[in-house]
Amino acid sequence: MVAMSSIAIVDEDKNVRDSVADYLTLAGFDVVAFASASEALTHLETNPMDIVITDIPLKGTSGFELTDTIKKNFSTDVIILTGYSTGYSYEEAINKGASDFVFKPVRFEELMLRIKRVLHERRLTCERNDMLNRLKRMAVTDPLTRLFNLRYFYNQLEKEIDRFNRYSRPLSLMLLDIDNFKIFNDTYGHLEGDRILVNLGKVIRECLRAMDSGYRFGGEEFTVILPETTVNEGIVVAERIQRAMRDASFSPPSAPEPVITTLSIGLTEYESGEPLKEFVRRADRAMYLSKARGKDLISMLNKNNAE
């Protein structure tokens, strides 16, 4: 880890700058050195760093101001290294966002211990954030299909309706149901049925545009939110999903031939002022209309002809 860590030195004193940089380079760090805060910030824009070690007095700014800018804009820790032992305190440096505070003349062994501590805490923070992000994803994701779950669907749909009310942009909703899924489960078993659900989740993710989002609605029912999309434009997405699912045939061990899976799909477009639940119910009615008409179909309903 030490060999991969990157450190920037910011100090107007060339002797200090070079000696610290040489020591840390020999210790296995990837080191760059700058005489000014502006040079360091320009470098950080395109080169992420683990740690910036900075003096307090700098041309045009101060090490504290540099620390504040770094903490607001970059994922980088800062160690203050200064000879002004009477004018500044450890508490002040930490309050400004620094991870540590070291006085000059620098003792390299002490500096190394401080760097190792900061890197250790940095690793722990990254690991904790990764774990929290995984837990957040798990809380909103269906574990089988890897699509979002029903709770997240309603939260997101509320946001999209709010966006519709603010910007008057079209919003459509798609509901999908796997045709004859119960018969398939009864014939070939739930493990084979899960294979179909997993594959449909994959198909939906691959067929959606960047603005769309897919959800497992429950059982063999799925839903897709289509922002910035009229119901007629939504047909293109629905047909793409339907076609991809038909092409992905399944071969259960006891099946005499590959099984083609079809979908019944309903589409509807949001109407200004209508309750969220009515919007969802209309999409559901459109989907069941596809089933009533013979399955493997796409049906559309608007507010006027859905009553």
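Ala, Val, Leu, Ile, Met, Phe, Trp, Tyr, Cys and Pro count here as nonpolar, Asp, Glu, Lys and Arg as charged, and the others, Gly among them, as polar. The structure is a predicted model, in which local features need pLDDT of at least 70 and side-chain atom pairs count only at pLDDT 80 or more, while totals for chains, interfaces and linings use all residues. Residues are numbered from 1 along each chain as its sequence is written, and side-chain values use heavy atoms, with hydrogens and water left out.

**Exercise 1. Find what lines the largest cavity, and sort the lining by class.**

Step 1. Start with the term: on a 1 Å grid over the protein atoms alone, a cavity is a set of points where a 1.4 Å probe fits but cannot get out, and lining residues have an atom within 4 Å of a point. Grid points are joined across faces, edges and corners, and a volume is the space filled by probe spheres set on the points.

Step 2. The structure has 1 cavity of 30 Å³ or more, and the largest cavity holds about 60 Å³ of space.

Step 3. Look for Glu160, Arg163, Phe164, Arg169, Pro170, Leu171, Pro227 and Glu228, which line the largest cavity.

Step 4. Sorted by class, that lining has 4 nonpolar, no polar and 4 charged residues.

Step 5. Helix 6 (residues 150-167) gives the largest share of the lining, 3 residues. Helices (H or I, at least four residues) and strands (E, at least two) are DSSP runs, numbered from the N terminus.

**Exercise 2. Work out how helix 6 is oriented to helix 10.**

Step 1. Axes are lines fitted to C-alpha atoms, for helices over the stretch in contact, and angles run from 0 to 180 degrees between N-to-C directions.

Step 2. Helix 6 and helix 10 pack at about 110 degrees, with their axes 11 Å apart. Helix 6 is therefore roughly perpendicular to helix 10; angles under 35 degrees count as roughly parallel, over 145 as roughly antiparallel, 65 to 115 as roughly perpendicular and the rest as oblique.

Step 3. Contact means heavy atoms within 4.5 Å. Phe153, Tyr154, Leu157, Glu158 and Ile161 of helix 6 make the contact with Leu276, Phe279 and Val280 of helix 10.

Step 4. By class, this contact of helix 6 with helix 10 has 7 nonpolar, no polar and 1 charged residues.

**Exercise 3. Locate the cis peptide bond.**

Step 1. Go to Lys104 and Pro105, which are joined by a cis peptide bond with omega of about -5 degrees.

Step 2. Pro105 sits in the loop between strand 7 (100-103) and helix 5 (108-140).

Key:
On a 1 Å grid over the protein atoms alone, a cavity is a set of points where a 1.4 Å probe fits but cannot get out, and a pocket is an open set with protein on both sides within 12 Å along at least five of seven lines; lining residues have an atom within 4 Å of a point.
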